[in-house]
Amino acid sequence: MTEFLPKAKAGKFAVGQFNMNNLEFAKAITEAGMAEQSPFIFGVSEGALKYMGIEYTVAIAKAAAEESGLPIALHLDHGSSFEVAMKCIRAGFTSVMFDGSHYPLEENIRLTKEVVKAAHAMGVSVEGELGTIGGVEDDISVDEADAALAKPEEAIRFYEETGVDCLAIAVGTAHGMYKGEVKIRYDIIEQVAKAIPVPIVLHGGSGVPDESIRRAIEAGVGKINVNTENQVACTNAIREILGKDAKVYDPRKYLGPAKQAMVEVVREKMRLFGSSKQA
Ligand SMILES: [Zn+2]
């Protein structure tokens, strides 16, 4: 990510992190990247790692990099410990997120620093997180929502002490699909982005209106995570085909169209994020 994220911040565009959940996701993201000539990041959660197997995951990402010739990263999403980050790096990941956001600030800084030190020694980039990025299903009050937001001065200090390559901060988005309005704190993004040289990461990018995405990029977001929208597109396509045809039994007959539906989602995001033709 150290290759293309600085370009994104300087050029005021964002690179999408699209989560890989199986082969169809990987192929859809790669095809979209090739069609748009866009850099991209494969995000892999610990749950997806368990599901796919770490060796399969790395092999698929390598095949995608070779086939596409695009600048891509294989990134651990929300890594929970130093150990899992190291396991991924040893297996061939080019980037890891260490999510210490649930720890007190001092502890988050201390743990993230350890990951950065080890990862940078191996040429691997690191994303850190500050503040609490909840799920849309989390039922929290306005006070709680405010308390969960990242404090700019803490975010700046976190960057200075850890040396992360990009920083996820809680600015009002949530994981999952939104039902109501998303209130993004552009002022927080701007304040932090101005003070640190690395881009801000926006988690919970699914379902955020296009105009809000553009404003967030303008304010200093250089990496945007999208997963739920692809999951919904994939599942809707499969549901539609199976609902119409009770006799279909060849998985390729519904997984193929599911993949195609995801290609459309990812291409649209790449254009919206401004990463098209930036490879
Ligand atoms: Zn996230």
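Guide: The side chain of Thr173 reaches the backbone oxygen of His203 at 2.6 Å. This is a predicted model. Thr173 lies in the loop that runs between strand 6 (166-169) and helix 9 (186-195). With a relative accessible area of 6%, Thr173 falls under the 20% limit and is therefore buried. Setting aside residues up to four places away in sequence, Thr173 touches Ile133, Tyr178, Val182, Ile184, Leu202, His203, Gly204 and Val208.

One of these residues, Leu202, also leads onward, for Leu202 is among the contacts of Ile224. Apart from neighbours within four places in sequence, Ile224 is also in contact with Ile213, Ile217 and Phe273, among others. Ile224 and Phe273 belong to the residues with the most contacts inside the largest nonpolar core, which has 83 residues. Helix 12 gives the largest share of this core, eight residues. A second, separate core of 14 residues includes Ile133, a residue that Thr173 touches.

Ile213 and Ile217 are buried in helix 10 (residues 210-219), as are Ser212, Ala216 and Ala219. In general, an α-helix has 3.6 residues a turn, so residues three or four places apart point the same way. The cover over the buried residues of helix 10 includes helix 9, strand 7 (200-202), strand 8 (221-226) and helix 12 (251-273). After helix 10 comes Gly220, with a positive phi near 135°.

Definitions and conventions
Residues numbered from 1 in each chain as written. Predicted model: local features only at pLDDT ≥ 70, side-chain atom pairs only at ≥ 80, totals over all residues. Heavy atoms only, no water. Helix = DSSP H or I, 4+ residues; strand = E, 2+ residues; numbered from the N terminus. Buried < 20%, exposed > 50% of the residue type's maximum accessible area, 1.4 Å probe, protein only. Polar contact = N/O pair within 3.5 Å; in protein donor to acceptor, adjacent residues only side chain to side chain. Contact = heavy atoms within 4.5 Å. Core = buried A, V, L, I, M, F, W, Y, C linked by side-chain atoms within 4.5 Å.
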